[in-house]
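Let's take a friendly walk through a protein model, one piece at a time.

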Amino acid sequence: MKNIAFILAGGTGSRVGGDTPKQFLPLADGRTVLEHSVDAFEQSHFITEITIVMHPDWMDEAQAIVARNDWRKVKHVIPGGRERWESSWNAINLYLKEDKKDPDTFYWFHDAARPFVSQEILDRVGNALKTHRAVTVAVPVTDTLYKVESLELSVEGNLKVESIPSRSEYMRAQTPQAFHYLVIGPAYMRAIEKGNIQTTDDVGILLAYNPDESVFVVEGEEANKKITYQEDLEGNR
């Protein structure tokens, strides 16, 4: 089995604030968000190699980080796209072009902005891939959920609650999300052929363009949070 991790760092992190993308911001030990994310996969005994997908304007900085770390599994640093799906496709396409491929190759997609992913989570995903071709990570919803009218159609500050769905039917998605290459590759090809891609993660691509494939869910952790706002960094810097 060959497990290739794609660390998706193509965003600019505008919601965090400042001119530096969040993947380059330091945590408490002085190392960047990106370094922590890559380290997790470098240490995993399941992962064979790593490709970092970086915003095109920050390729030099990413290469410098790779150069100063003793990462043996990082094989490529490639440019990402304007949308998340484009970054994922750039990585997939790189490997689909290889002439020789292990028939049991799996692609793992991980948000670089989740630097606290644990080895326990990676082990759960790796073990699940022994019997499943598509695996994702999620945690139960603990807050009450409101279904509201479309944010685009409502007047700001005047939203109306339409219903309260059962929390037992929902989970909050995390990463990594991992797939056999013959599962996610064709799904992306069909998505690109049809155009107008609206999904926000790789499971969404699979459900929309390869719906006959089941996605197995393993337990995530609250600590595996995504750094989105400045306050997400507080206490970790």
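Two strands pair if DSSP finds at least two bridges between them. Helices (H or I, at least four residues) and strands (E, at least two) are themselves DSSP runs, numbered from the N terminus. This is a predicted model, in which local features need pLDDT of at least 70 and side-chain atom pairs count only at pLDDT 80 or more, while totals for chains, interfaces and linings use all residues. Residues are numbered from 1 along each chain as its sequence is written, and side-chain values use heavy atoms, with hydrogens and water left out.

Begin with strand β4, residues 105-111. It runs parallel to strand β1 (residues 2-9), and 7 bridges join the two; Lys2, for example, has Thr105 of β4 as its bridge partner. β4 also pairs with strand β8 (residues 171-180), this time antiparallel, over 4 bridges. There, the partner of Phe106 is His180.

Is β4 buried or exposed? Buried means under 20% relative accessible area, exposed over 50%, and partly exposed in between (1.4 Å probe, protein chains only). By that rule, 7 of the 7 residues of β4 are buried. In a regular strand the side chains alternate between the two faces of the sheet. Here Thr105, Tyr107, Phe109 and Asp111 point one way, Phe106, Trp108 and His110 the other way.

Now find helix α2 (59-67). Met59, Ala62, Ile65 and Val66 are its buried residues to look for. They lie on the same side of α2 because they cover an arc of only 120° around the axis, the arc being that of the directions from the helix axis to the C-beta atoms. On the other side, Asp60 and Ala67 are exposed. The buried residues of α2 pack against α1 (33-43), β2 (49-54) and β3, where contact means heavy atoms within 4.5 Å.

In the loop between α2 and β3 (74-79) sits Lys73. The side chain of Lys73 does, however, reach the backbone oxygen of Ser44 at 2.6 Å.

Methods: Polar contact = N/O pair within 3.5 Å; in protein donor to acceptor, adjacent residues only side chain to side chain.
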